[in-house]
Amino acid sequence: MQGLMQDYPLTTQHILWRMERLYGPKEIVTKTDSGLRRVSYQELTGRIHRLAHALTKLGVKKGDRVATLCWNNYRHLELYYAIPCLGAVLHTLNLRLFPAQLEFTVKDAEDTLIFVDSSLISVLNQVAGKIPSVRQIVVIKDGGQELPEHQLGELLDYETLLQQEPDQFDWPRLDERAAAAMCYTSGTTGNPKGVVYSHRSQFLHAMAVLQADTLALSEQDALLPLVPMFHANSWGLPYAVGLAGAKMIFPDRFAGDSQALIDLADSEGATLLAGVPTIWINFLTQLRKDGRRLNNVRLVLCGGSAVPRALMEGMDAAGLRMIHAWGMTETSPIGSVGVARSWLPREQELEIRLRQGVPVPGVEIRIADLATGLELPWDGQAFGEIQCRGPWIASGYHNNADPTRLTEDGWFRTGDVATIDQDGYISIVDRTKDVIKSGGEWISSVELEGAIMAHPKVLEACVIGVDHPKWQERPVAYVVARPEAKGELTEAEIREFLAGKVADWWLPDEIRFIDEVPKTSTFKFDKKALRADAEPLHESQAAEAPPV
Ligand code: AMP
């Protein structure tokens, strides 16, 4: 037929166009060591044009991979736009990888340039001389501080490069299916795998974030993302914010200082916060300690791991409404969001919000039997691997790593085990590799952790399966007591608390108290590290586990 709609390419260039033309006065605020740095969208987009000139002079061509090793700050945001809008591919390096993994990701992506925050020079220096594809390194300095000693050769200075360039760049025409960005999975097993986002996938994902039943992100919002910009592109939020014209608040470096984050959210009027549960556990502890409230915050996006009930209840009591989302690097990452449906009883609202939500518009899901691969019913009982498809779901990995992840009929196998109920709500049971197989039955480590973390004296709990001669595996819980209950909380108290809440044969064989649960580079519980160091079960337990 004639007269069809235009075949308009869905690219990050359109997002940039909106930022320039429609939201000039909006602010991006970064907390730096030398105070708050404020840039308007107008200023930022001018700098993005300058950066595009600089990248071109440095020889960057369409399809080239350009890496960043940076914290959450406005210069990183400039790179987020200039690199893909130029047709090159933004590769956000995970600054918490071990040197061998960092080296692997740079080599695997064949990065040509690296932009590095000056405070991360020593991280990059660990791979000096081992990354031959990299022609040039550009350092981003905050002030005129001296750089630490390094063997990275001659470094260019970011601000000097920008100063020399005009603030108008003529962007090339791009194919919406071209690569825009890439991120490596956190690599809990084997080498990290490269996930490549296209312009189209980023664009559509950003549109989805703006939808009312997703985050309803709007121009009125001020977003403080506490998810690193190397983790699934900060959950795609930097592009969603640009599309909506919202205010962005960046913490720059952040680790565990909840007090500083609360101060920043408060002073800058944050309306929307985003991060993984471990961030909010500490955040909530601090809020309670100080008796503070963040009245401007309308929503706290929480994902990356299951939200423990105690956390959601605690946040509710602190006036912070939490919304639960599920996804992974391979799903850009938002796959489902925990909105409550109008026909469901209001008294069940908390139960519903604790689930991983319903697929967002654009994403289709199904569950498949772990043994046969056959599709399972949505009855809230049958559990199987989540498989999904949609315009922002990976079809494979860079360099064809792990080709088994796509089913024959084109669905992505996530490795997450879940039930789905008749209303479409997903409840994650576990990761396929974390679910505990005991005497031929499954135990959900996630559910057990949630049950233990509901104990008022428990701060964190992480459960793993430990080999057992008779039952194959048995659960062992690693528990961190709240500071005020340290040295006082007993194993018996936890067992008593769990009685009647989980099946008897789910009760952990051992409860081991530790000072802190080890965390992955994206602040999740690091079960791999716990497993590697786990003591075997004590002999008495190993011989006589509870009957299944
Ligand atoms: P990553 O690619 O590092 O973001 O990790 C993705 C994985 O985190 C998923 O495959 C899940 O196992 C886990 N995950 C993400 N969101 C949730 C959630 N809301 N509840 C439980 N697990 C989650």
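When I say helix or strand, I mean DSSP runs numbered from the N terminus, with helices being H or I of at least four residues and strands being E of at least two.

A quick word on the model: it is predicted, so local features need pLDDT of at least 70 and side-chain atom pairs count only at pLDDT 80 or more, while totals for chains, interfaces and linings use all residues. Residues are numbered from 1 along each chain as its sequence is written, and side-chain values use heavy atoms, with hydrogens and water left out.

Back to H10, which spans residues 258-267. Which of its residues are buried? They are Ser-258, Ala-260, Leu-261, Ile-262, Leu-264 and Ala-265. Buried here is under 20% relative accessible area, exposed is over 50%, and partly exposed lies in between, using a 1.4 Å probe and protein chains only. The buried residues of H10 pack against strands S1 (27-32), S2 (35-40), S10 (222-225), S11 (247-250) and S12 (272-275), and also against helix H11 (277-290). Contact means heavy atoms within 4.5 Å.

Let's follow H11. Helix H12 covers residues 309-317, and H11 packs with H12 at an angle of about 40°, the axes being 10 Å apart. The axes are lines fitted to C-alpha atoms, for helices over the stretch in contact, and angles run from 0 to 180 degrees between N-to-C directions. H11 and H12 are therefore oblique to each other; angles under 35 degrees count as roughly parallel, over 145 as roughly antiparallel, 65 to 115 as roughly perpendicular, and the rest as oblique. The crossing of H11 and H12 is left-handed, meaning that the near helix is turned anticlockwise from the far one by less than a right angle, with clockwise giving right-handed. From H11, Pro-277, Trp-280, Ile-281, Leu-284 and Arg-288 meet Leu-311, Gly-314 and Met-315 of H12.

Now strand S12 again. S12 pairs with S13 in the parallel sense over 4 bridges, where pairing needs at least two DSSP bridges between two strands. Ala-274 stands opposite Leu-301 in S13. Strand S13 (residues 299-302) points Leu-299 and Leu-301 one way and Val-300 and Cys-302 the other, and all are buried.

Ala-274 also turns up among the contacts of Val-227. Where does Val-227 sit? Its place is in the loop between S10 and helix H8 (232-235). At 2% relative accessibility, Val-227 counts as buried. Leaving aside neighbours within four places in sequence, Val-227 is in contact with Asn-72, Ser-234, Trp-235, Leu-237, Phe-254 and Ala-274.

Next comes strand S3, residues 65-69, where 5 of the 5 residues are buried, so it is largely enclosed by the rest of the structure. Arg-65, Ala-67 and Leu-69 point one way from S3, and Val-66 and Thr-68 the other. S3 pairs with strand S4 (residues 89-92) in the parallel sense over 4 bridges, and Thr-68 has Thr-92 as its bridge partner in S4.

Last, an open sheet: 4 strands in the order S17-S18-S19-S20, with antiparallel pairing. Strands S17 (364-368) and S20 (426-431) stand at the edges with a single partner strand each, so one side of each is left without a neighbour in the sheet. Neighbouring strands of this sheet are turned by 50° against each other on average, direction ignored. Strand S19 (residues 412-420) is joined to S20 by 5 bridges and runs antiparallel to it. Within that pair, Ser-427 in S20 is the bridge partner of Thr-419. Thanks, everyone!
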